[in-house]
Amino acid sequence: TAGLGGMSGAQPKAGNIAGCITIAAEVNPKAATKRHEQGWVDVLIDNMDDLLTRVKQAQATNEVVSIAYIGNVVEIWERFDEENIFIHVGSDQTSLHIPWTGGYYPVDISYEESNRLIREEPTIFKEKVQESLRRHAAAITKADE
């Protein structure tokens with residue numbers, strides 16, 4: 001899933017209750033850290049290779065764990081496909097109803113840079129969001145094949 005702002009800390013907690021390995025991607029490091037400190041997620045990871053290692057470990061031991069990944073959910077969809085890690089259920093808690101004002105953050109651009117683009121270069125931000133959404137949809141579609 002994606003997004004740990006607002007009430008989205010409930011997603012990883014629900015995954016723990018349901019007995020899952022839950023990964024919640026969050027582009028805002030402060031939001032991810034806050035949810036970890038509050039106990040909504042068990043583990044905080046900011047590196048994709050570390051995430052892959054941790055997920056494979058949890059799979060091997062049938063561990064129930066929630067992980068906050070500081071990064072973009074598109075990275076997870078794409079890399080998990082490359083590594084042949086099957087995603088059983090995917091959701092997204094981003095505010096896609098307001099994509100041009102920070103409801104959706106594009107992949108490959110930092111949270112800080114995205115916020116700068118929103119303020120100073122909104123046309124470029126919109127283009128980056130549209131590119132990212134196409135990439136996001138393609139990754140989900142590919143994983144479903």
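**Entry 1: charges**

I began with the charged side chains and counted 14 positive and 22 negative ones in the chain. The centres of these two sets lie 4 Å apart. I note here that the model is a predicted one.

**Entry 2: salt bridges overall**

I then searched the whole structure for salt bridges, and the search gave eleven. I looked at some of the pairs in turn.

**Entry 3: R135 and D108**

I looked up R135 and found its side chain in a salt bridge with that of D108, with 2.6 Å from N to O. R135 sits in helix α6, residues 122–143, while D108 sits in the loop between α4 (73–82) and α5 (111–120), so the pair ties together parts that are 27 residues apart in sequence. I also checked how open the two residues are. D108 has 59% relative accessibility and is therefore exposed, since exposed means over 50%. R135, with a relative accessible area of 30%, is partly exposed.

**Entry 4: helix α5**

Which residue forms a salt bridge with E113? I found R116, with the closest N and O atoms 2.8 Å apart. E113 is partly exposed at 30% relative accessibility, and R116 is partly exposed at 23%.

R116 and E120 are four residues apart in helix α5, which means a separation of about one helical turn.

I also noted a network: D49, K56, R79, E82 and E83 are joined into one by salt bridges that share partners.

**Entry 5: the fold**

I listed the elements next and got six helices and three strands. Read from the N terminus, their order is α-β-α-β-α-β-α-α-α. I computed a radius of gyration of 15 Å, close to the 15 Å that the globule rule gives for 145 residues, so the chain is as compact as a globular protein of that length. The C-alpha trace spans about 45 × 35 × 25 Å along its principal axes.

**Entry 6: contacts and surface**

How much of the chain is made up of buried residues? I got 39% of the 145 residues. For contacts with a separation of 6 or more, I found that 64% come from residues 24 or more positions apart. Last, I noted an accessible surface of about 8100 Å² for the chain, with 51% of that area belonging to carbon and sulfur atoms.

Definitions and conventions. Residues are numbered from 1 along each chain as its sequence is written. This is a predicted model: local features need pLDDT of at least 70, side-chain atom pairs count only at pLDDT 80 or more; totals for chains, interfaces and linings use all residues. Side-chain values use heavy atoms; hydrogens and water are left out. Helices (H or I, at least four residues) and strands (E, at least two) are DSSP runs, numbered from the N terminus. The radius of gyration is taken over C-alpha atoms; the globule rule is 2.2 Å times the number of residues to the power 0.38. Buried means under 20% relative accessible area, exposed over 50%, partly exposed in between (1.4 Å probe, protein chains only). Contact means heavy atoms within 4.5 Å. Accessible areas come from the Shrake-Rupley method with a 1.4 Å probe; for residues, only the protein chains shown count as cover. Lys and Arg count as positive and Asp and Glu as negative; His and the chain ends are not counted. The place of a charge is taken as NZ of Lys, CZ of Arg, CG of Asp or CD of Glu. A salt bridge is a side-chain nitrogen of Lys or Arg within 4 Å of a carboxyl oxygen of Asp or Glu.
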